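Visitor: Hi, I'm new to this one. Could you walk me through it?
Guide: Happy to! Let's have a look together.

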Amino acid sequence: MRRTIDFVLAALLALAPLAVCAEGESEADRLASLLGIKAGSRVAEIGAGEGDLAFEMAERVGPGGLVYATELEGDDLLGLRRRAKFEAVANLRVVTAQVLATGLPGRCCDAVFMRNVYHHFSDPSAIAKDIQRALTPGGTLVVIDFPPTWFLAPFSPDGVGEERTGHGITIEAALRELREAGFVHLQTIETWTSRWWLGPDVYALVLRAPVNKSESR
């Protein structure tokens, strides 16, 4: 039943214009700019799903770079591995994540991003600290997500806190959690993409990992 609900929600989100950002850029272009991606970069996508953005980034970092695509055990993880093998993408590494850990090596990435994933976390503090562990000091984190809506409340992820009971999370709640975990807030993009009839617009938060312990709270 849960898998069916998640599929329906994914299909509804796919009907919104998620491929083009508010400024008319492609989502991949705008994201790559925010992450500072260039040839040789090392980047990770948390909860990569089918992997479209992760594979886009793998093309941009080139053969000298590396992209990690993480997913929990299941069909998405198998699909990522099959796609990487079928397309012979040598600079993309598929990583098995856990509920409370990314599965990424320490200090493996210059940048990390996630899209429509953050509101699923049952222990956001644990995941945020694990992302910090995977990032180099001062590395960039981009969180793309959307606010809760009343009509999605019945489909809220299992085991999440009150802020996530509308199958989303507000900008304010997400920022508070990430700052408490030690991330430094750089920018908020309130309209990353428009959801039209699906409710409030998708937003993006740009943060960086602390450079030293004195920056961490």
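**Helix contacts, cysteines and a buried helix face**

Guide: In the contact between two helices, Ala28, Asp29, Leu31 and Ala32 of α2 meet Leu53, Glu56, Met57 and Arg60 of α3. The residues of this contact of α2 with α3 are 5 nonpolar, no polar and 3 charged. Bear in mind that this is a predicted model.

Visitor: At what angle do α2 and α3 pack?
Guide: Helix α2 (residues 27-35) and helix α3 (residues 52-61) pack at about 60°, and their axes are 10 Å apart. They are therefore oblique to each other.

Visitor: And is the crossing of α2 and α3 left-handed or right-handed?
Guide: The crossing of α2 and α3 is right-handed.

Visitor: New topic: how many disulfides are there?
Guide: The count comes to 0 disulfides. Cys108 is in none, and its nearest cysteine sulfur, that of Cys109, is 3.2 Å away.

Visitor: What about α6, which of its residues are buried?
Guide: In helix α6 (residues 171-180), they are Ile171, Ala173, Ala174, Leu175, Glu177 and Leu178.

Visitor: What do they pack against?
Guide: The buried residues of α6 pack against α5 (124-134), β5 (135-145), β6 (184-193) and β7 (202-208).

Visitor: And what follows α6?
Guide: Gly182 follows α6, and its phi is positive, near 110°.

Conventions
Residues numbered from 1 in each chain as written. Predicted model: local features only at pLDDT ≥ 70, side-chain atom pairs only at ≥ 80, totals over all residues. Heavy atoms only, no water. Buried < 20%, exposed > 50% of the residue type's maximum accessible area, 1.4 Å probe, protein only. Helix = DSSP H or I, 4+ residues; strand = E, 2+ residues; numbered from the N terminus. Contact = heavy atoms within 4.5 Å. Disulfide = S-S within 2.5 Å. Axes fitted to C-alpha atoms, helices over the stretch in contact; angles between N-to-C directions. Parallel < 35°, antiparallel > 145°, perpendicular 65-115°, else oblique. Left-handed = near helix turned anticlockwise from the far one by under 90°. Nonpolar A, V, L, I, M, F, W, Y, C, P; charged D, E, K, R; others polar.
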